[in-house]
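Here is a colleague's note for someone meeting this structure for the first time. Please read it with the model open beside you.

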Amino acid sequence: MNSFFQRKYIVQGIFIAVALVLLARLFYIQVIDKSYFLSANNNVLRKVVIYPARGIILDRKGRILVQNEPVYDLMVIPREVVQFDTLEFLRLVKLDKKGFDKRLTKARNFSPYRASIFEKQLSAQTFAAFQEKLTQFQGFYVQKRSVRRYPDSIASQFFGYINEVVPSDIIKSKGYYKPGDYIGRTGVEKSYEDLLRGQRGVENQMVDAFNRPKGHFAEGAYDTLSVTGKKLISSLDRDIQILGEKLMVNKIGSIVAIEPSTGEILAFVSSPSYDPNLMVGREKGNNYMKLLRNPSNPLFIRPIMAEYPPGSIFKVINALVAQQMGRINAETRFFCPGAYYYGRRGKMGCTHAHGSLTLAQSIQFSCNTYYGNVYKQMIDRSGMRSVNAYRKWYDAVNHFGIGSKLGVDMPNEKKGLLPTAEFYTRHFKSDRWTSTYNISLSIGQGELGITPLQMANVVATVANRGYYYTPHLIRGIGEDHIVKAAYTKKNYSGVDARYYGPVIEGMFGAVNKPGGTAYPIAQIQGIEVCGKTGTVQNPHGENHSVFFAFAPRINPKIAIAVVVENAGYGAVWSAPIASLMIEQYLRGKITRPKYYTDRLYNANLLPGHKAKQKAAPRKQTDSIPKIEIKPIVPVTTKSIAPHDQST
Amino acid sequence: MINQRSPFFNVDWILILIYLSLCTIGWFNIHAAVYDPLFPGIMDMNTNYGKQFMFIISAIILGVVILLLDSKFFSTFSPVFYGITLLLLVLVLIVGRNVGGNQAWIPIGSFRLQPSEFAKFSTCLILAHYISSTTLKMNEFKMIGICVILLLIPTSLIMLQPDTGSALTFTSLVFALYREGLSGYILVIGAILITLFVLTLVINKFLLVGIIIGLTLLVLFVFRESRRHVQPILVSIAVGIAFIFCVNFAYQNILQTHQRNRIDVILGKLDDPRGQGYNLNQSKIAIGSGGLWGKGYLQGTQTKYDFVPEQSTDFIFCTVGEEWGFVGSLVVVSLYLIMLLRIVNIAERQRASFSRIYGYGVASILFFHFFINIGMTIGLVPVIGIPLPFLSYGGSSLWSFTILLFILLKLDSNRMGVI
């Protein structure tokens, strides 16, 4: 020991102080500061999303309408890319040098260590060619995804389409969707998005410092499996859907067929249409823009969005409502001198001087005069003021699903137009108006807007004699064939079943009896079709051809509405189209002669198409209304409305 | 009579126990660092932990051999060890193998010898030998000069490799010199210079000079009654200001780029977690993610998946921090602290000044490694590539630390005798 013994404590003190500093620092970064924990997870965990296949969609007989097809996203991890034959690569992937550089820079900016999509949705062919040489291109790999495929290229508006989510979708879904996800935009894809999309799986993959996969975190305890989207069984019948789309080629309009006993939509044709496969794949964007710019607007879903005055098919409703109101009965006769005269100089023309007609005959011949009288009976002779009687009439018509949304399981449904009493009071600046002020409503013209779906629903109600099921597109979900409860509930029309008899009798006559407006063009040997023609005045061009029908008369299986725009009389185009659809559905085949079907297939009724085929010789003309009052609101074809696009 | 005694007669078992604990902890952590869950495999002699197992066994044998030797052997042959070490340090510059920019290894068969590791104990020995045998006093200029020369020769040779980290080790021997009578002002001045160095790099040097002058004037004003201190204060202030201006020059011109970068990273002047700061950032993530209790043995993702470079050697503490958490860190730091305090106590109980000086040398060198190594993994000091004693992977370092420690144990076991 020497005199510096005390210095031991200084040295030991320094040792202790330094150890305490180290421990304090360790305590801070290990216990207090939690950010290192997150950084460590960032380092090592890669959440790999396992995309489920979207649910497939079948037709009512189990035939595949929408399936999935694998496509291949080309992925790149920029850090792992080494020198390679760029020319060969560009040739295989069909890119130019500029696009290549741009993509690689973008990926590098995203992260040099992590995979990003280099090119989306390589086709199977490109993939096959590329796969062979994949080993030459280090840092690139291919990730499988599935896209929609429509084997029959039908029912595009029915299914709708899917595309990538945009930021607003992500916000709206509260973060469920992630950039790059797909979402249903229209049609069934949208309304059943929650079921179709399935459930994403997540794999918590661990990687080392070189981004090499090192197995699953915690032996996969936190991984979730992806669940394939639910299979949907649609109500469509593939055969009549194909037939309907074929018949509607080069025509603008809609076909909606409903199974009256269930409300299931059997056919949903919107024309002009497009191949749904166009909305898939690398060319999707371009195709979409083309469709958007197409003047006849194929993206417009006519069966639920186009509103037309119904024309003479509306007489069916007036006949039913008037009976229920007690204003007429089956035996009520009105005399037709060839026109309905009203007011001081009012005159509503009729096609013929029909003479004295019963209710059934009035439907069969589609007599305007008869319905002028019926309407007058309901509005002016009910023992109350016309405006109040109109309110009752309004409610009764509204019960048929007119003027309000039916609630079909598809987005963008329009409610149509059924003017209220207040509307007329406002318009005439007085509530002292009478039936003569809006007599055109008696024959379905004027300020009425009804969608083809609503038309089909009305005829389904007639077929059911008093009720309808909410029309719907999906009859089963998954393996369980669950139908939503809302679709099994009967909606009553408010008109008693006994009043349907004479109307159906008249509709039967219209198709099957000489003098009927659709006789014999819509007649089918061995099947009792009941129908009603309509011709919608169109101030912009040729009248629209409308026909609705159901069959067979006893125990109806199909109710159908057909609208062909700018095609003229209902009997000329719509009735035969409906007739073929009915036969195909009930018989599984068509027994008509070739000239009959060819005329329909080959007709070009697009506006501006001069070489319009003229109608085959007609036995009987439809009622051509010559209304001398001007329609107050020109509710005609609102069909070319801008399509609501969220993209 | 003496020769018949057990080699473990009178040895300090506490120190041996701590030594064995640290070796064991080291081995398990090396195993964890190289463990690959995809290939868990059994003990393999070709892996780092397999080799380390052999190193530990041979180090223990080496330790026992040292205990068997006569304690006079070390004091007598100190100059010989020193000479051999210097020779090896020259040799390594000629025939050495260059690994990672450092010409530090002499290949002998499949095995590589690192002379700079052995310079540690031989320098301690020569210092102890010289100071204990001279009649000069520590505050004499000649004495200090010779000590500095003895330190400077191995330091310079190691700097030529260049291995700055190992070279810096010898500065720690200032603690041993301090214990033997070196003025305490040296330590204070050293601390002030380090502080000034850091401050110069962090804040504007003119601002710094302004602050220093301001403080000086304040001090002079407060003690204006006593004129005695004016002159030394003014001189030291002048030296300090000169130092500040030298720092910048030295920093820009003498330090190498990577050294400058490491200092910049620590000082927060350089934020480059993917480049220059990668090691430090990953090391902090690994240790910081350990939490209080750690992720468990072999569960450390950061070390297991190679995010931390050099993780079985210089950054072995990351594995400790990640898998054993703060509790594990506390245990390891405590073991080192107990070891250091114990060594100082042992040194103080020696009758022979040679043993005492040597003991302080051992404590100084172990302390330096302990502080710099753990400090760099948690961002307290710049990254300096020196191993953590007994824990880091590597034969040379384990053997040299073992020799360092066991010579002390041997000297201590013979503390009652005369050397």
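This is a predicted model: local features need pLDDT of at least 70, side-chain atom pairs count only at pLDDT 80 or more; totals for chains, interfaces and linings use all residues.

1. Residues are numbered from 1 along each chain as its sequence is written, chains are lettered from A and ligands numbered from 1 in the order of writing, and side-chain values use heavy atoms, without hydrogens and water.

2. In chain A, 37 residues are in contact with 50 residues of chain B, contact being heavy atoms within 4.5 Å. The two chains bury about 4,100 Å² between them, 70% of it on carbon and sulfur atoms; this is the accessible area (1.4 Å probe) lost on being put together, summed over both. Helix 1 (7-32), helix 2 (35-44) and strand 8 (201-207) of chain A each supply at least two residues of the side that touches chain B, and helix 1 of chain A gives the most, with 19 residues. Helices (H or I, at least four residues) and strands (E, at least two) are DSSP runs, numbered from the N terminus.

3. Five strands of chain A form an open antiparallel sheet in the order 12-11-22-21-20, where pairing requires at least two DSSP bridges between two strands. Strand 12 (264-271) and strand 20 (530-536) of chain A each have a single partner strand, so one side of each lacks a neighbour in the sheet.

4. Strand 20 of chain A is joined by 7 bridges to strand 21 (residues 544-551) of chain A, and Thr533(A) stands opposite Phe547(A) in strand 21 of chain A.
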